[in-house]
Amino acid sequence: MCGIVGYVGPRQAVGLLIEGLRRLEYRGYDSSGIAVLNGSGLAVVKQSGKLSALEQRLTEYTPKGTVGIGHTRWATHGPPTTGNAHPHVDQSGKIALIHNGIIENAGAIKKVLEQRGHTFKSDTDTEVLAHLVGVCYRGSLEEAVAEALREVDGAYGIAVICSDEPDVLVAARKGSPLLVGVGDGEWFVASDASAILSHTRSVVYLDDGEMVVLTRKGYHVRDLAATRIEKPVNQIEWDLATIERGGYAHFMLKEIFEQPDTVRNTMRGHLLEEEGTARVSGLNLTDDDIKRINRIVITACGTSWHSALIGEYMLEELARIPVEVEYASEFRYRNPVVDDRTLVIGISQSGETADTLAAIREAKRRGARTIGLVNVVGSTIAREVDGGIYLHAGPEVGVASTKAFTSQVIALALITLRFGRLRNLSILQGRQIIQGLRALPEQVQEILDRAPEVEALAERFWRSNNALYLGRGVNFPVALEGALKLKEISYIHAEGYPAAEMKHGPIALIDENMPVVFIAPKDAVHGKIVSNVEEVRARGGQVIAIKNDGDDQIKRLASATFTIPETLDLLTPILAIIPLQLFSYYVAVRRGCNVDQPRNLAKSVTVE
Ligand code: M6R
């Protein structure tokens, strides 16, 4: 969702804030703004539209000051106008505040403040919070923020400055990520590390209910009741190059092309070929713990939910444990049946998705063991689960998730190996899977080397207004993911279905203008999918098929094909998704869409 950055130190703040916002723009990009303390008061500049629009404004007037806050917005309350952009100021005009999250009781607070004569300039809950901090201000910003936050319900990551205290920045979190960057005589706050990485790698992750007070002399962390908290300083391992585009036209393309490495990185150090199993000590589960588990629930959102579905096929097939996959947003509100023999797996690239985090908390409250498959190190989900696997896919900046998906599937395969070997999976089967996994990076590379073939396909189909994606078995989730990729970045309406389900409704949509993408490798259900392809052909639909080499049957029926290398049935999704990611990318580029920042979306959804 929104991006937050703040600075206290000896340097001019505006340039640093804009640089940070540039790296955070993927979190929200409908408007942005900055506020700095310039010695005589607050200077606030904000602008609707992309960050470049704010930069343009700042060329006309660049406020001076060495303490400041910056924000890039993904609208929740009120449209993305300049007036609704952050920072928001209080009634006195002395306090400026930026916010990521939602203040749920803002309506009620606003009413009370209006009765006391406050006037509001925006539609946002954030402005209400700024006014509330102003009301609580009696000479100490730190105390005013703590007092105001005790009154609010909802989720927030905030940063606040006040012109009466020109050396102080106060930040706090509950439900929205926030960290402190510890530099050399300078301090930062940010909603994620990428914003400050070019200045420091030392960070302190704040937990829910914590506040930090930055001054020119240092910082301290406390809770809302004023109890000081000692926090460890963590070192960020990845460097700036990994979050820059490195010659690619878009982050999405770069991230698609990173997959030979990211897939390798996810499995690195985990495979025990001799024993036909995986070492996943991060799960914090003993053999006895695993044997005691009689049911698994996997919970996630979006692309991560699609990888969860693939995990369901893997775990049920090879480990013979009942698995249920549930949208996190549904799980948290439906009184789920979960006990201490249930393992709840949360999957999240960002580790900050509000619904997934809430589902994990709910599962813990009900006594389940929880594990997380998370990419962002130090993220909230990673810190709250009982154990887990880091994906090690590196920062994913493109809003459309690509490399995280393939790494999630690898992580699920590792869990399947570990659980399967303690149940039904033979050592030989285990070794076969490991060999299949080891071959994947080169097979992914082989597909990427043929990206121009996919580009040519995109050239044929980019004008379509609709598309259907069909797959069976473990490739049904691939159909869902392929459709999601296309719709979110190219705005083409696309749906994924189990191929046989087509007859029960979607077939009515098929005519000569409807591209139908089939994921049709030579797997156990190949014969069935050939029949489904025939059904589409019979109605004039244009079939694009992802197939294996030598599959003449599919080749004869399809209008266009892309060949992927052969692998074990259960690993096919990792190969089949690559041409579909590329296809969406090239179609979106051809349609002139903003691939890395598609409309209305944000990279990490930290509100419900
Ligand atoms: O960070 P998460 O994996 O928890 O995010 C979940 C979804 O918001 C995310 O996968 C979303 O669907 C992407 N835009 C998909 O490309």
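Visitor: Which strand gives the largest share of the lining of the largest cavity?

Guide: Start with the general idea. Rolling a probe the size of a water molecule over the atoms shows where empty space is left. Now this model, which is predicted. Strand 6 gives the largest share of the lining of the largest cavity, with 3 residues. Strand 6 spans 95–103, and helix 4 (125–136) also supplies at least two lining residues.

Visitor: What is the volume of the largest cavity, and which residues lie closest to its centre?

Guide: The volume is about 80 Å³. The lining has 14 residues. Closest to the centre are Cys2, Trp74, Thr76, His86 and Gly101. By class, the lining divides into 4 nonpolar, 8 polar and 2 charged residues.

Visitor: How many cavities of 30 Å³ or more does the structure hold?

Guide: The structure holds 3 of them. Helix 19 has the largest share, 3 residues.

Visitor: Let us turn to pockets. What volume does the largest pocket have?

Guide: A cavity is a space the probe cannot leave, whereas a pocket is open. The largest pocket has a volume of about 1000 Å³. It is lined by 47 residues, and Tyr26, Ser194, Trp238, Ile243 and Pro395 are the closest to its centre. Two or more lining residues come from each of helix 1 (13–24), strand 15 (234–235) and helix 12 (380–384). The classes are 17 nonpolar, 16 polar and 14 charged.

Visitor: Which domains each give at least three residues to the lining of the second largest pocket?

Guide: They are domain 2 (241–448) and domain 3 (450–608). The second largest pocket has a volume of about 560 Å³. Of its 28 lining residues, Cys301, Gly302, Thr303, Lys603 and Val605 lie nearest the centre. Helix 9 (302–319), strand 20 (342–348), helix 11 (354–365) and helix 16 (476–490) each contribute two or more. By class, the lining has 12 nonpolar, 12 polar and 4 charged residues.

Visitor: Now the ligand. Which residues are closest to the ligand?

Guide: First list the neighbours, then look for polar contacts. Here 13 residues surround the ligand, and the closest are Ser304, Ser348, Ser350, Thr353 and Glu488.

Visitor: Which polar atoms lie by the ligand, side-chain or backbone?

Guide: A polar side-chain atom of Ser304 lies 2.6 Å from a ligand oxygen atom. Ser401 uses a polar backbone atom, 2.8 Å from an oxygen atom of the ligand. Val399 also places a polar backbone atom by the ligand, 3.3 Å from a nitrogen atom.

Terms used. Residues numbered from 1 in each chain as written. Predicted model: local features only at pLDDT ≥ 70, side-chain atom pairs only at ≥ 80, totals over all residues. Heavy atoms only, no water. 1 Å grid on protein atoms, 1.4 Å probe; cavity = no way out; pocket = protein on both sides within 12 Å on 5 of 7 lines; lining within 4 Å. Points joined across faces, edges and corners; volume = space filled by probe spheres on them. Helix = DSSP H or I, 4+ residues; strand = E, 2+ residues; numbered from the N terminus. Nonpolar A, V, L, I, M, F, W, Y, C, P; charged D, E, K, R; others polar. Domains from an automatic or database assignment. Near = heavy atom within 4 Å. Polar contact = N/O pair within 3.5 Å; in protein donor to acceptor, adjacent residues only side chain to side chain.
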